[in-house]
Amino acid sequence: MKQTLLIATLLGFGALTGIAVWNEGVVGVFSSITRSYGSMQIFADLAIALVLVMIWMWRDAKNSGRNAWPWLVLTLVAGSFGPLLYLLTRKNSE
């Protein structure tokens with residue numbers, strides 16, 4: 001169930017990202033951040049959340065014997081794709 005939800009989220013988010021890049025271009029996607037204070041607030045919120053997730057990924061990878069660096073770099077480069085793929089490839093300890 002969790003795997004299905006992660007895959008669905010990854011595919012939906014990937015489709016939205018693809019549409020955004022297709023319509024706006026990579027530069028256009030990033031330039032929209034500075035169009036309003038609301039956009040800047042959303043970007044800051046995302047950045048804070050991703051830093052917190054990266055801290056969790058670092059600790060989780062260390063505890064499970066995984067190398068965290070690929071996931072951290074992917075998160076810095078591609079945002080939420082990093083944590084989504086990390087969770088998708090993570091071995092459940094439950």
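The secondary structure of the protein consists of four helices and zero strands, where helices (H or I, at least four residues) and strands (E, at least two) are DSSP runs numbered from the N terminus. Along the sequence, these elements follow the pattern α-α-α-α. The model is predicted: local features need pLDDT of at least 70, side-chain atom pairs count only at pLDDT 80 or more, and totals for chains, interfaces and linings use all residues. Residues are numbered from 1 along each chain as its sequence is written, and side-chain values use heavy atoms, with hydrogens and water left out.

**Overall dimensions and burial**

- Taken along the principal axes, the C-alpha atoms of the protein fill a box of roughly 45 × 25 × 20 Å.
- Of the 94 residues, 20% count as buried; buried means under 20% relative accessible area, exposed means over 50%, and partly exposed lies in between, with a 1.4 Å probe and protein chains only.
- Among contacts (heavy atoms within 4.5 Å) between residues at least 6 apart in sequence, 49% join residues at least 24 apart.

**The packing of helices H2 and H3**

- Helix H2 and helix H3 (residues 69–78) pack at an angle of about 170 degrees, and their axes are 10 Å apart.
- Here the axes are lines fitted to C-alpha atoms, for helices over the stretch in contact, and angles run from 0 to 180 degrees between N-to-C directions.
- H2 and H3 are therefore roughly antiparallel to each other; angles over 145 degrees count as roughly antiparallel, under 35 as roughly parallel, 65 to 115 as roughly perpendicular, and the rest as oblique.
- On the H2 side, Leu50, Met54, Met57 and Trp58 take part, and they meet Trp69, Trp71, Leu72, Thr75 and Leu76 in H3.
- The residues of this contact between H2 and H3 divide into eight nonpolar, one polar and no charged.
- In this division, Ala, Val, Leu, Ile, Met, Phe, Trp, Tyr, Cys and Pro count as nonpolar, Asp, Glu, Lys and Arg as charged, and the others, Gly among them, as polar.

**Two residues of helix H3**

- Thr75 lies in helix H3 and is buried, at 3% relative accessibility.
- A polar atom of the Thr75 side chain lies 2.7 Å from the backbone oxygen of Trp71.
- Neighbours within four places in sequence aside, Thr75 is in contact with Leu50, Met54, Met57, Gly82 and Pro83.
- Leu76 is also found in helix H3, but Leu76 counts as exposed, at 65% relative accessibility.
- Leu76 and Val21 are 55 residues apart in sequence, and their C-alpha atoms are 17 Å apart in space.

- Side chains of opposite charge can pair when their charged atoms come close.
- The count comes to one salt bridge, defined as a side-chain nitrogen of Lys or Arg within 4 Å of a carboxyl oxygen of Asp or Glu.
- Asp60 forms a salt bridge with Arg90, and the closest N and O atoms are 2.7 Å apart.
- Asp60 lies in helix H2 (residues 37–64) and Arg90 in the segment after helix H4 (81–89), so the pair ties together parts that are 30 residues apart in sequence.
- The C-alpha atoms of Asp60 and Arg90 are separated by 9.5 Å.
- Asp60 is buried, with a relative accessible area of 13%, whereas Arg90 is partly exposed, with a relative accessible area of 25%.
- The side chain of Asp60 also makes a polar contact with the side chain of Tyr86 (2.5 Å).
- A polar contact is a pair of N or O atoms within 3.5 Å; within protein, one must be able to donate a hydrogen and the other to accept it, and residues adjacent in sequence count only if both atoms are side-chain atoms.
- Leaving aside neighbours within four places in sequence, the residues in contact with Asp60 are Tyr86 and Arg90.

**Burial in helix H4**

- In H4, the buried residues include Phe81, Gly82, Pro83, Leu84 and Tyr86.
- What covers the buried residues of H4 includes helix H1 (2–31), H2 and H3.

**Val53 in helix H2**

- Val53 lies in helix H2 and counts as partly exposed, at 29% relative accessibility.
- Val53 and Asn23 are 30 residues apart along the chain, and their C-alpha atoms are separated by 29 Å.
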